[in-house]
Amino acid sequence: MGLTKFHYPKRMFMESGDSKEKLERMDLSLTGMSCASCAAKIEKGLGSVEGVSQATVNFAAEKATVLFHPGQTDISNLIEKVKDLGYGARVEKVVLPIQGMTCASCVSKVEKAIRSLKGVFQVNVNLATERATIEYVPGVASIQDFKTAIQAAGYQTLEVKAGDSALREEDIVEKERLAREAELLKLKQKFIIGAILLSPILILMYGGSLLGKWTGLSMETNFFIQFLLATPVQFWAGWQFYVGFWKATRHKTSDMNTLIAVGTSAAYLYSLIVTFGPHLIMVKGLMMDVYFDTSAAIIVLILLGRLLEARAKGKTSEAIKKLIGLQPRTARIIRNGDEMDIPVSEVAPGDLVIVRPGEKIPVDGIVKEGYSSVDESMVTGESLPVEKKTGDGVIGATINKTGTFKFEATRVGKDTVLSQIVRLVQEAQGSKPPIARMVDVIASYFVPIVISIAVITFIIWLLFGPHPAFTYAFLNFIAVLIIACPCALGLATPTSIMVGTGKGAENGILIRGAEALETAHRLSTIVMDKTGTLTRGEPSVTDVIESEGFTKQEILILAASAEKGSEHPLGEAIVKKAKAENLQLLDPKNFQAIAGHGIEAMIGAREVLLGNLRLMEERRVHLNGLLNKAEQLSGKGKTPMFLAVDGKAAGIIGVADTLKENSREAVETLHRMGLEVVMLTGDNERTARAIAGQIGIDRVLAEVLPEKKAEEVKRLQGEGKKVGMVGDGINDAPALAQADVGIAIGTGTDVAMESSDITLIGGDLRGVVTAIALSKATIRNIKQNLFWAFAYNTILIPVAAGALFPFFGVLLNPIFAAGAMAFSSVTVVSNALRLRKFKLPMN
């Protein structure tokens with residue numbers, strides 16, 4: 001998506017009879033228009049959107065002005081309409097780290113606050129990463145507006161440097177690391193001191209009668225000591241819950257803090273009355289028990305849960321930290337003839353960079369001098385080093401293994417492959433799959449429902465419970481409040497998405513969004529483009545067949561000499577083969593290209609013809625039985641090139657775009673996973689079927705023109721199939737966009753990668769298998785988390801309310817409720833971390 005430039009909306013009024021109808025004006029900056037008809041098309045399209053009163057498009061200014069009813073449509077509908085028409089509207093994206101969120105209700109609250117701002121196109125708030133990813137229209141909304149809205153909702157944003165309208169990932173990660181460490185330290189201190197204070201409270205509570213006998217400690221003194229010990233736990237260790245409760249109340253909402261603050265405060269205040277005004281609630285002249293142990297234990301156990309949860313959440317973002325940690329700090333460059341070491345951030349495109357053995361390559365570039373092998377595993381996931389020579393591209397953050405070389409920097413800063421990988425992973429981790437949106441809806445109602453259940457529980461037990469009814473009602477009221485856990489609901493999806501997308505990045509698989517991750521596990525058909533995807537994308541010599549009186553070596557020398565200097569792909573393949581066998585080539589004379597047929601040239605004193613069957617027939621060359629062998633080559637999808645020397649058939653050279661070495665293994669594994677594999681190609685039916693037969697392709701779509709590829713994908717979707725499209729070229733981009741999941745081979749073009757949902761950084765097709773397997777594992781993990789979160793709340797809330805008491809006489813102690821609640825979210829995060837052990841399906 002491009003960048004969007006809007007201007008401040010102006011309130012417009014239009015007369016409608018005697019009434020005035022309020023309209024809103026929006027100016028959109030457009031991309032992709034090439035003529036006046038494009039402007040007319042957009043104008044007509046925007047005008048057809050429900051709620052739009054008037055739309056005008058200025059082709060010269062590349063701007064659309066729209067008047068619309070804000071109650072009937074919004075910015076997102078206008079932008080989506082422009083995109084549906086095949087054009088773009090510039091929007092900007094920002095990632096803001098947020099502090100203070102504790103549960104799914106907080107996520108809903110922050111999203112609602114940001115979404116209420118004019119100019120916000122899309123917003124996703126992630127509890128696991130504690131970030132908000134916002135797409136907005138600059139000029140209508142700003143970063144400061146978002147910060148103000150977040151703070152007004154009761155949360156804080158981290159202050160980091162901004163650049164290019166987006167926050168630098170390095171700044172974000174460093175600030176978050178420091179903030180997380182400070183938060184962990186604070187939680188640890190509060191938990192330890194709280195636990196130390198809780199220990200004597202428990203002794204006084206459960207060993208009070210023995211202490212009274214041994215020491216003469218009265219009940220009043222016992223309760224007073226408990227009060228002294230419990231008060232700092234309640235108002236120092238538990239202060240964060242009161243802060244959260246107050247912020248939520250001020251904004252007329254409720255969250256996890258509401259439940260904890262109300263539940264523990266009820267126990268504490270009741271105990272306070274018993275301690276200092278026992279006559280107010282005596283039953284038959286007997287002093288009631290205090291529950292300082294309950295309030296203090298609940299707070300300490302929840303702090304322990306938060307501490308363990310924070311530690312586990314820190315591990316979910318390890319993939320991003322590893323990726324950022326790959327970036328070297330300095331680069332050695334040559335400027336004005338001098339070698340110098342400078343910070344990587346100061347390297348500019350065009351700089352000549354020197355890399356010695358064992359050093360990291362600082363930025364992306366093109367090798368200008370030298371030869372080496374480079375370990376690219378940290379970026380592509382492929383373990384074998386890649387040979388690099390003059391003219392080859394190198395990727396920043398990869399490791400130079402053997403030789404020294406010089407390269408010209410081409411991409412630096414945020415444009416490097418590593419920076420783009422980090423950005424894509426970050427965006428994927430901040431996105432939400434459709435399954436998470438359902439959870440958000442439930443979470444927004446969760447806390448009010450729990451409070452209602454707690455109040456109903458109190459009333460029922462007070463009216464119908466056994467003696468002492470108030471005590472039963474009171475304890476069950478607290479248990480219901482404390483047992484409920486929106487934290488587990490809020491963490492169930494984002495933690496799995498974070499670990500899953502991070503694991504993908506470690507294996508050279510970039511997943512652009514959580515929606516693609518969810519869709520990929522439901523794919524039924526994989527469509528693969530042939531050239532550059534299943535095959536290497538460049539022809540090579542596969543066979544050399546000699547006629548009587550000639551040797552294979554002689555045939556190669558003569559053919560390659562004739563093609564020396566040729567720019568034709570088939571000719572280049574023959575020359576490359578000869579050079580690979582270290583054959584000495586001769587200079588051709590009287591070279592002539594025969595259009596559509598081949599070439600002729602003099603090599604020394606010999607007249608050489610090299611071309612197709614038609615050339616041989618026209619020159620009346622007798623083939624000496626080579627025709628049958630040529631047909632056999634054609635049947636295998638290879639192109640036969642006949643060589644004649646001095647009018648006599650010398651042999652055949654078979655040339656083909658050979659299959660990638662792992663193509664067959666990838667197709668076989670996809671079959672084992674129950675997927676249909678389809679090959680899409682512009683080749684003729686015979687050649688296509690020959691190649692498909694070699695690797696077990698189920699279905700062949702041959703002779704498909706580039707512009708018709710997307711139509712073929714759409715036709716497959718019309719058959720009820722969920723289609724994944726794998727391609728690498730510019731002409732694959734429409735098909736990638738049409739497919740349910742587009743998978744681009746990273747060795748291909750940037751256009752294909754931008755159109756895809758998943759990008760394989762290397763050219764290995766086994767990455768397709770890994771991506772689908774990872775999708776299945778991640779969605780399975782999410783479902784496990786959601787099952788646990790829903791089952792936990794569905795089963796234990798009724799138990800806490802006393803549902804088992806009439807049948808088994810069982811009640812849930814609020815302290816045990818606190819323990820269960822504290823560890824439910826830890827369980828969810830720990831389960832998500834199991835994805836880190838994901839094994840590649842073919843290993």
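What follows is a walk through the overall build, the surface patches and the salt bridges of this predicted model.

The protein chain carries 30 helices and 33 strands, and its C-alpha trace spans about 125 × 80 × 65 Å along the principal axes. Of the 843 residues, 53% are buried. Among contacts with a separation of 6 or more, 67% come from residues 24 or more positions apart.

One is nonpolar, covers about 780 Å², and is built from V455, I456, I459, I460, L462, L463, F464 and F470. Helix 14, which runs over residues 434–464, is the main contributor here, giving seven residues. L462 sits in this helix; its relative accessible area is 37%, so it counts as partly exposed. The other patch is positive and brings together R780, R834, K837 and K839. Within that group, R834 falls in the segment after helix 30 (814–833), and it is partly exposed because its relative accessibility is 47%.

Salt bridges come next, and the structure holds 28 of them. In one, the side chains of D587 and K564 meet at 2.7 Å, N to O. This pair ties together distant parts of the chain, 23 residues apart: D587 is in the loop between helix 20 (569–580) and strand 24 (588–594), while K564 is in the loop between helix 19 (552–563) and helix 20. The two partners fall into separate exposure classes: D587 is exposed, at 55% relative accessible area, whereas K564 is partly exposed, at 37%.

Another bridge joins E711 to K708, with 3.7 Å between the closest N and O atoms. E711 is partly exposed at 46% relative accessible area, and K708 is likewise partly exposed at 36%.

A further bridge pairs E719 with R715 at 3.9 Å, N to O. Here E719 has a relative accessible area of 40%, so it is partly exposed, and R715 is also partly exposed, at 40%.

Definitions and conventions:
Residues are numbered from 1 along each chain as its sequence is written. This is a predicted model: local features need pLDDT of at least 70, side-chain atom pairs count only at pLDDT 80 or more; totals for chains, interfaces and linings use all residues. Side-chain values use heavy atoms; hydrogens and water are left out. Helices (H or I, at least four residues) and strands (E, at least two) are DSSP runs, numbered from the N terminus. Buried means under 20% relative accessible area, exposed over 50%, partly exposed in between (1.4 Å probe, protein chains only). Contact means heavy atoms within 4.5 Å. Patches are made of residues with over 30% relative accessible area and no salt bridge: like charges are joined within 9 Å, nonpolar side chains (Val, Leu, Ile, Met, Phe, Trp, Tyr) within 5 Å. Accessible areas come from the Shrake-Rupley method with a 1.4 Å probe; for residues, only the protein chains shown count as cover. A salt bridge is a side-chain nitrogen of Lys or Arg within 4 Å of a carboxyl oxygen of Asp or Glu. Lys and Arg count as positive and Asp and Glu as negative; His and the chain ends are not counted. The place of a charge is taken as NZ of Lys, CZ of Arg, CG of Asp or CD of Glu.
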